[in-house]
Amino acid sequence: MGLLVVASLGWQAVRTGDLMLAETFVERSRVESLRAELAKRELAVDAMADGLEVAVMICDERASLQFANRAAREAFRIQDGMGRGILEVTLSYELQGLVQTALREGGVHRAELPFRFPEDRIAQVVVWRDLLDPARCVLSLTDITNLRRLERMRTDFVANVSHELRTPLTIIRTMAETLHDDPDLDAGTTSRYLERIVSEVDRLSMISNDLLILSAAESSPIRKQDCDLAEVVRSVVTQLSFKAREKGLDLVYEGPEELVLTANSAQMTQVALNLVDNAIKYTNEGSVHVSLASDGREAVLRVRDTGVGIASEHLARIFERFYRVDRARSRASGGTGLGLSIVKHLVESHGGQVRVTSELNTGSTFEAVIPLQD
Ligand code: ADP
């Protein structure tokens, strides 16, 4: 009997042990599957964070980096930045200050901050303390450099337009007032004043015309179709040959009989017109040579003159709106300062590019390169 009791107790012990083992086994596999599930979710969250355009970072209570998504790693060239201070990673004292304030005070903190590293940029920054773990804070940075640049370009443009319009308007007003107030003005002065008024009115309509061309080119989608560029350039040369002859310049065209590409022919006419007109305007003696060529992939319109040339420090800026090397000369020759910016815009919106080489007092060569197909 005693033996039986011992045997039965032993059996029970074995069974309890098995059960514990089995329970431990079940427990362990549950933990493992939970761990696998957690790892999967972490990967999914990381992938989601990496897909964001906004840079996201997480810092611990010492303002050291714990996490940076792809946009943040790219923005600050972070290779192995985890554990490094936010100041060391971004070189921004302002950002470090914002992180420290968020960690200390909690809440959401916003600021528009400039960054110098790795290049000059402006970002809209939001920093907030993690609700689940107050010893951490989350940062989101949206790059608004382009937005601010466009805004500046727009305000500069409006300021430039007002300035350009104000000068002729002031002249017209002053001369008209003098004509009105002084009945004894001699006939010579009166006719000189009237001529000046007419020329300033012409100038205003040229500016408004160029502004309309620019605004139409920027706002409406380009309607392209088969366009014979050789025909376009030939007719521009014919149209301007009288102006060249008046200045005693040789205007020469060299190119194929036909060069068909997919383009907007009115805009191509504008490109050729502005380049050839400029070459005539800024050349006092010699020639303007216009050529057209193609290598089967792209067409190259080249306008070479023996004119005043452009000093190298101005070359990078002449395609900007209203930029003029010599304001008085441009004015005297009826320039608006918009011709080359129109050329650049039209050529680039056709997928092409403009180039210029020039030597002061020797001449300039402008090229418009346009792909034959879209
Ligand atoms: P503008 O109406 O003043 O000619 P553009 O935008 O056409 O304005 O040209 C900008 C400036 O570039 C001109 O004011 C002039 O200083 C310079 N420029 C353009 N084309 C030539 C050229 N062929 N030779 C010398 N300077 C040129």
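Predicted model: local features only at pLDDT ≥ 70, side-chain atom pairs only at ≥ 80, totals over all residues.
Is Ser92 buried or exposed? Ser92 has a relative accessible area of 3%, and because buried means under 20%, Ser92 counts as buried. Ser92 sits in the loop that joins α3 (86–90) to α4 (93–105). Next, select Leu87 and Phe115: Ser92 is in contact with both, when its neighbours within four places in sequence are left aside.

Leu91 is exposed, with a relative accessibility of 55%. Its phi is near 55°, a positive value in a residue other than glycine. Most residues other than glycine have a negative phi.

Now select Arg77, in the loop between α2 (70–75) and α3. Arg77 also has a positive phi, of about 50°, although it is not a glycine. At 57% relative accessibility, Arg77 counts as exposed.

**A cis peptide bond**

Move on to Pro118, in the loop between β3 (108–115) and β4 (121–129). Display the backbone from Phe117 to Pro118: the peptide bond there is cis, with omega near -5°. Most peptide bonds are trans.

**Helix α1**

Select residues 2–51, which form helix α1, and pick out Ser29 within that helix. Ser29 counts as partly exposed, at 34% relative accessibility. Ser29 and Trp128 are 99 residues apart in sequence, and their C-alpha atoms are 38 Å apart in space.

**The whole chain**

Zoom out and colour the chain by domain. The divisions are domain 1 (1–50), domain 2 (52–143), domain 3 (148–220) and domain 4 (222–374). Between the C-alpha centres of domain 1 and domain 4 there are 82 Å.

Switch to a cartoon view, where the chain shows eleven helices and twelve strands.

How much of the chain is buried? Of the 374 residues, 37% count as buried. Show the surface again: the accessible area is about 22600 Å², and carbon and sulfur atoms hold 55% of that area.

Finally, colour by charge. There are 44 positive and 55 negative side chains, and the centres of the two sets are 4 Å apart.

Notes: Residues numbered from 1 in each chain as written. Heavy atoms only, no water. Helix = DSSP H or I, 4+ residues; strand = E, 2+ residues; numbered from the N terminus. Buried < 20%, exposed > 50% of the residue type's maximum accessible area, 1.4 Å probe, protein only. Areas by Shrake-Rupley, 256 points an atom, 1.4 Å probe, with all protein chains shown as cover. Lys, Arg positive; Asp, Glu negative; His and termini not counted. Charge placed at Lys NZ, Arg CZ, Asp CG, Glu CD. Domains from an automatic or database assignment. Contact = heavy atoms within 4.5 Å.
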